[in-house]
Amino acid sequence: MKTNPVQEGQRFPLTIRRMGINGEGIGYYKRAIVFVPGAITGEEVVVEAKRIAPRYTEAEIKKIRIPSPNRVKPPCPVYEACGGCQLQHISYQAQLELKRDILIQALEKHTKFNIGKLPIKDVIGMDEPFRYRNKSQFQTRYSEDGNVVAGLYSANSHDLVPIDDCLVQDPATVAITNTVKEALQELNIPIYNEKQNSGIVRTIVVRTGFKTGQSQLVLITNSKKLPKKRALLEIIKQKHPEIISIMQNVNTQKSSLIFGEETMHLDGEETMQEALGEMKYDLSARAFFQLNPVQTEKLYNEVRRALNLSGTERIIDAYCGAGTIGLSLAGQVREVRGMDVIPEAIEDAKHNAALNQVTNSYYEVGKAETILPKWLEEGFQADAVILDPPRVGCDQSLIRALLDYAPKQIVYVSCNPSTLARDLALFSKEYQINSIQPVDMFPQTAHVETVTVMQKR
C-alpha cells in the first residue's frame, strides 16, 4: 500500500480541483488526496495538514493566495466555530451548482450510469436562503464564568458554541430560546453537566408555525423534576403568548439523542398546528415535520407534477411518517395508502387525515416489504409508489418487494445522494429514470434533497 506523502503539521500550497459531498475543497499533493474545509473549487491556498490517514489528508487553510470569485464573507459571526452550516462562505448561486455536482459525484461513485444522459435538472433554490428553519434544538450549558448559554456543538466535537442568533433559524425560535435561557439564569435552575451527568435542563427545543404563527416549547431534562417550574412558565408565557404548547421530555441517558422516551404536558395544548398548502397538521413534541416549509411545498409540487394525476390513481406512500406527502395528494387521487414502522407516526397520519376530512386514506403499521405483498394478495395494486426513506436509504428487501410488486411509477424522495445512487442502481434493472430534480431544502449547508421519477420499463 502506498504511504501518504504528507506529514502532520506540514504546510504546502494546494490548488482546489473540486468540492466534496460535505462541502469541503479537494486538492492533490503528490497525487494524494487532501480535504480542506472552507476551500472552494479553483482557489489556490496554503494549507496545514491536521489529520493523516493512509489514503487521504485533512488540512486547514492558512492562506488564500487566489480566492474564488464565488467566495463571500459569511454573515454569521460564529460560522467557522459552529459547524452547523458548511457553505456560508460561498455565493448562493454557486451553492446550488455545487449541490447538483454533489449529486453527480454520488451517481458516478455508486452507479455505472452514463451521467451525461441522465435527466438531472438544476437545483430548485430559495428566494431568501436564510431564516428558513422552523425548529431549533439548542443545548444548554454553563459557561466558564457561570452564565447559562445555549447553542450547538462545533463540528466533530462536544464543544458547545454559544449562539444568541442563528441566521438559518426563524426569528421566533431564536427569541423564545433566548427568553428561556435568560429565565433559567434568573431563576437559578440547574443546567445539565454532561461529564458529571448532573443538573437538569439539557436542551431547549422550539418549533414555530410559518403559516399559523403558533409555537411549541419542549424542555429536555435530565430528571422528571423541574425546580421553580411555575415561575419559569409564567416568565415564558408573559413574553411569548404565541407559545400554545409547553412540554417536558425526560432524557436521563448519556446519549447524543435529543429526546428521551417520556414526554409530559406542562402548559397549554399538547400539540401545535402548522399548514402546508391547504392541509393542516397537528404536531406533537416528537412528531417529524419538514424543517423548511417553504421548500417543502416546492418539493411536494414536484412529486405531484411527476405523478401527472388524473384522479383515478391508487397511491402508496411508503415511509409515510405523519402522512404529509400522501395527504397532500389525497384530493387528487382515488386512494392513498401508507405504512411506517413507527406506531406513533401512523397514529399521527390517521389523526391528520381526520383533521383534514380526508376519507380516501388508509394507514398501517409495519414494514413496507411485508405489507406490499399482503396488499397485492388482497387485490390492491397501486399505480405509483412514493418513497421517502431516512438517510440510510431504502431497505434492500423493500426494493426486492417493489420490483415484484411492479407499480407503473416510483417517485423516490431522497435526502442522501449516496444512498439514492445505490438504490437507483438496483431499481434501474426494471425501471427507467425519467427525471432527477434536486431541491435545496437546507441552504448554507451541503445537504441536498432529490425527487427522482422512475417508470416501469
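**Helix packing and annotated sites**

Let me start with Arg131, which sits in the loop that runs from helix H2 (92-110) to strand E7 (135-142), where helices (H or I, at least four residues) and strands (E, at least two) are DSSP runs numbered from the N terminus. Its phi is near 55°, a positive value in a residue that is not glycine, and with a relative accessible area of 27% Arg131 is partly exposed; here buried means under 20% relative accessible area, exposed means over 50%, and partly exposed lies in between, with a 1.4 Å probe and protein chains only.

Before going on, a word on the source: this is a predicted model, in which local features need pLDDT of at least 70 and side-chain atom pairs count only at pLDDT 80 or more, while totals for chains, interfaces and linings use all residues. Residues are numbered from 1 along each chain as its sequence is written, and side-chain values use heavy atoms, with hydrogens and water left out.

Asn188 also has a phi near 55°, again positive in a residue other than glycine, and its place is the loop between helix H3 (171-187) and strand E10 (201-208). Asn188 is exposed, at a relative accessible area of 58%.

On the H3 side the residues are Thr179, Val180, Glu182, Ala183, Leu184, Glu186 and Leu187, and they meet Ala231, Leu232, Ile235, Ile236 and Lys239 of H4, with contact taken as heavy atoms within 4.5 Å. By class, that contact holds 8 nonpolar, 1 polar and 3 charged residues, where Ala, Val, Leu, Ile, Met, Phe, Trp, Tyr, Cys and Pro count as nonpolar, Asp, Glu, Lys and Arg as charged, and the others, Gly among them, as polar.

Two further helix pairs share helix H10. The axes of H2 and H10 come within 8 Å and cross at roughly 45°, so H2 is oblique to H10; angles under 35 degrees count as roughly parallel, over 145 as roughly antiparallel, 65 to 115 as roughly perpendicular, and the rest as oblique. H2 passes H10 in a right-handed crossing, in which Ile102, Leu103, Ala106, Leu107 and His110 of H2 meet Pro417, Ser418, Leu420, Ala421, Arg422, Leu424 and Ala425 of H10. The residues of this contact divide into 9 nonpolar, 2 polar and 1 charged.

The second pair joins helix H9 (residues 396-405) to H10 (residues 417-427), with axes that come within 10 Å and cross at roughly 30°, which makes H9 roughly parallel to H10. Gln396, Ile399, Leu402 and Leu403 of H9 make the contact with Arg422, Asp423, Leu426 and Phe427 of H10, and by class these are 5 nonpolar, 1 polar and 2 charged residues. Asp404 also belongs to H9, and it is exposed, with a relative accessible area of 65%.

I turn now to the record, noting that UniProt positions are in the numbering used here, that feature names are shortened, and that annotations may be inferred rather than shown by experiment. UniProt, in an unreviewed entry, lists Gln290, Tyr319, Asp340 and Asp388 under "binding site". Are Gln290 and Asp340 buried or exposed? Gln290, in the loop between strand E15 (279-283) and helix H5 (293-307), is buried at a relative accessible area of 9%, and Asp340, in strand E17 (residues 335-340), counts as buried at 12%. Leaving out residues up to four places away in sequence, Gln290 touches several residues, including Asn134, Tyr300 and Asp388, while Asp340, with the same exclusion, is in contact with Tyr319 and Glu364, among others.

Lastly, the unreviewed UniProt entry places "domain: TRAM" at residues 5-63, a stretch that is 0% helix and 58% strand, with its end C-alpha atoms 21 Å apart.

Definitions and conventions
Axes are lines fitted to C-alpha atoms, for helices over the stretch in contact, and angles run from 0 to 180 degrees between N-to-C directions. A crossing is left-handed if the near helix is turned anticlockwise from the far one by less than a right angle, and right-handed if clockwise.
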